[in-house]
Amino acid sequence: MEQKVDIQICLGSSCFSRGNKVLVRVIEQYLNENNLRHLVHFHGAHCFSSCDKGPLMSIDGREYQQLNEERVRMILNEIFGPVSSVL
Ligand code: FES
């Protein structure tokens with residue numbers, strides 16, 4: 001059976017207020033646009049205790065820091081392959 005990609009986004013108060021509030025929606029949108037929902041377990045997480053490097057998320061245990069919308073899309077493209085998304 002195929003293992004799902006595990007995406008955790010930090011919803012601690014620091015990351016949330018510094019961008020993850022919006023990035024949750026960016027990731028949701030990306031997964032929907034590219035029909036990746038069934039391949040991914042996407043969920044929120046408590047503070048990762050790295051607030052100074054936030055906002056951050058982890059994908060299959062690897063932490064990605066200082067995120068913004070562009071970086072998130074780039075990271076997801078690297079993982080799922082270049083997707084000709086609607087621009
Ligand atoms: S709030 Fe995200 S690492 Fe602390």
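Predicted model: local features only at pLDDT ≥ 70, side-chain atom pairs only at ≥ 80, totals over all residues.
The peptide bond from G54 to P55 is cis, with omega near 0 degrees. S49 is also placed in the loop between β2 and β3. Its phi is near 65 degrees, which is positive, and S49 is not a glycine. As background, most residues other than glycine have a negative phi, and most peptide bonds are trans. S49 counts as exposed because it has 8 C-beta neighbours inside 10 Å, and the cut-off for exposed is 12 or fewer.

Now the strands on either side of that loop, and their partner. Strand β1, residues 5-10, pairs with strand β2, residues 40-45, in the parallel sense, over six bridges. Between them the chain passes through helix α1, residues 13-33, and this β-α-β crossover is right-handed. V5 has V40 as its bridge partner in β2, and I9 stands opposite G44 in β2. β1 is also joined to strand β3, residues 57-59, by three bridges, and that pair runs antiparallel. In β3, I9 has M57 as its bridge partner.

Leaving aside neighbours within four places in sequence, I7 is in contact with I27, V40, F42, M57 and I59. For one of those, F42, the separation in sequence is 35 residues, while the C-alpha to C-alpha distance is 4.8 Å.

Next, helix α1. It has 21 residues and reaches 28 Å between its first and last C-alpha, close to the 30 Å expected at 1.5 Å a residue. There is a kink of about 70 degrees in α1, and the kink is centred on G19. Which residues of α1 are buried? They are C15, N20, L23, I27 and Y30. An α-helix has 3.6 residues a turn, so residues three or four places apart point the same way. The cover over the buried residues of α1 includes β1, β2 and α2, residues 69-80. Just after α1, N35 has a positive phi of about 50 degrees.

How many residues make up the largest nonpolar core? Twelve: I7, I9, C10, C15, L23, I27, Y30, L56, M57, L67, V72 and L76. C10 is worth a separate word. Setting aside neighbours within four places in sequence, its contacts are C15, N20, A45, C47, F48, G54, P55, L56 and M57. That list includes both residues of the cis peptide bond I began with, G54 and P55.

G81 follows α2, with a positive phi near 90 degrees.

Last, D60, in the loop between β3 and β4, residues 62-64. D60 is another residue other than glycine with a positive phi, near 50 degrees. Why does D60 count as exposed? Because D60 has 11 C-beta neighbours inside 10 Å, and exposed means 12 or fewer.

That's what I have on this one.

Note on methods:
Residues numbered from 1 in each chain as written. Pairing = 2+ DSSP bridges. Helix = DSSP H or I, 4+ residues; strand = E, 2+ residues; numbered from the N terminus. Right-handed = clockwise from strand over helix to strand, strands pointing away. Expected span 1.5 Å × (residues − 1). Bend = angle between axes of the 7 residues up to and from the residue. Buried ≥ 20, exposed ≤ 12 C-beta atoms within 10 Å, placed from the backbone. Contact = placed C-beta atoms within 7 Å. Core = buried A, V, L, I, M, F, W, Y, C linked by C-beta atoms within 7 Å.
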